[in-house]
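Reader: I am new to this structure. Can we go through parts of it by question and answer?

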Amino acid sequence: MTDSIPPRVLTVAGSDSGGGAGIQADLKTMLALGVHGMSVIAAVTAQNSLGVQGYWELPPEAVRAQLDSVLGDIGVQAVKTGMLASPVLVETVAEVLAGVDAPVVVDPVGVSKHGDALLAPEAVDTVRTRLLPTATVVTPNLWEVAQLTGVKVEEEGDMRRAADAVLTMGPAWVLVKGGHLPGAPVDLLTDGVREFRFTAERHDNRHTHGTGCTLASAIASYLALGEDVPGAVGRAKEYVTGAIARGFPLGAGIGPVDHGWLWR
């Protein structure tokens with residue numbers, strides 16, 4: 001028995017059978033950072049280092065039952081959402097999160113590392129109108145920013161305009177991830193008033209599967225541990241940068257980041 005109960009963080013996302021992204025990446029990140037990870041599985045993917053061969057959504061009543069089970073008994077200090085796939089699943093999750101008194105980190109997953117679509121086109125508007133208003137932080141990459149807002153970020157100077165467009169949809173903070181721009185990777189965090197830029201060394205490593213899931217889960221973990229949003233993002237950026245640097249090959253394609261690098 002122990003009197004020390006770790007903070008509890010819930011991920012609502014899809015399962016990655018290859019173990020590099022999704023629920024699996026989220027739970028590994030949470031364990032590495034010292035919080036108790038819990039999961040609501042919204043979809044199951046057949047996935048490996050070469051891509052996503054298929055995915056199957058869970059019924060909304062199954063997703064709602066998982067949410068009610070965890071929130072009704074255990075409770076949370078933070079929530080992270082990832083792949084939600086369809087309008088009905090986005091609506092189901094958003095309805096519940098609107099009543100949760102804990103930080104919510106939304107990773108608006110639209111496409112996999114390999115370019116496979118993970119969000120139905122008809123669900124994008126539901127993400128905008130239902131899910132983003134529940135978010136403490138939303139963490140879109142450049143493709144997701146364009147999908148949500150129509151704003152194309154082609155250089156670092158475009159990032160604030162893109163972030164402001166996302167803020168109109170209701171989240172408290174937006175973290176626009178600029179890793180796909182040339183030069184040193186820069187992420188922009190803003191609440192519309194304050195602005196923070198996070199830079200990191202660019203590592204020459206193609207094994208980066210799960211980067212977005214890992215970053216969002218790390219932010220949620222640090223929020224649960226008591227950091228404010230800029231502090232959580234800064235520490236999460238350090239963690240994911242180390243994980244990218246130590247990404248390793250699996251199979252014949254793109255391998256995962258190393259979620260356990262702090263231990264190794």
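Predicted model: local features only at pLDDT ≥ 70, side-chain atom pairs only at ≥ 80, totals over all residues.

Reader: Is lysine 80 buried or exposed?

Author: Lysine 80 lies in strand S4, residues 78–81. Its relative accessible area is 0%. Under 20% counts as buried. Lysine 80 is therefore buried.

Reader: How are H7 and H8 oriented to each other: roughly parallel, roughly antiparallel, roughly perpendicular or oblique?

Author: Helix H7 spans residues 211–224 and helix H8 residues 229–245. Their axes are 8 Å apart, and the helices pack at an angle of about 140°. Roughly antiparallel needs over 145 degrees, and roughly perpendicular runs from 65 to 115. H7 and H8 are therefore oblique.

Reader: How many nonpolar residues are in the contact of H7 with H8?

Author: H7 passes H8 in a right-handed crossing. Among the residues in contact are Leu215, Ala218 and Ile219 of H7, and Val233, Ala236 and Val240 of H8. By class, the contact has 2 polar residues, 2 charged ones and, for the nonpolar class, 12.

Reader: Which strands are among what covers the buried residues of H6?

Author: Helix H6 runs over residues 159–167, and its buried residues include Met159, Ala162 and Val166. Helix H5 (142–149) is part of the cover. The cover also includes strands S6, S7 and S8.

Conventions. Residues numbered from 1 in each chain as written. Heavy atoms only, no water. Buried < 20%, exposed > 50% of the residue type's maximum accessible area, 1.4 Å probe, protein only. Helix = DSSP H or I, 4+ residues; strand = E, 2+ residues; numbered from the N terminus. Contact = heavy atoms within 4.5 Å. Axes fitted to C-alpha atoms, helices over the stretch in contact; angles between N-to-C directions. Parallel < 35°, antiparallel > 145°, perpendicular 65-115°, else oblique. Left-handed = near helix turned anticlockwise from the far one by under 90°. Nonpolar A, V, L, I, M, F, W, Y, C, P; charged D, E, K, R; others polar.
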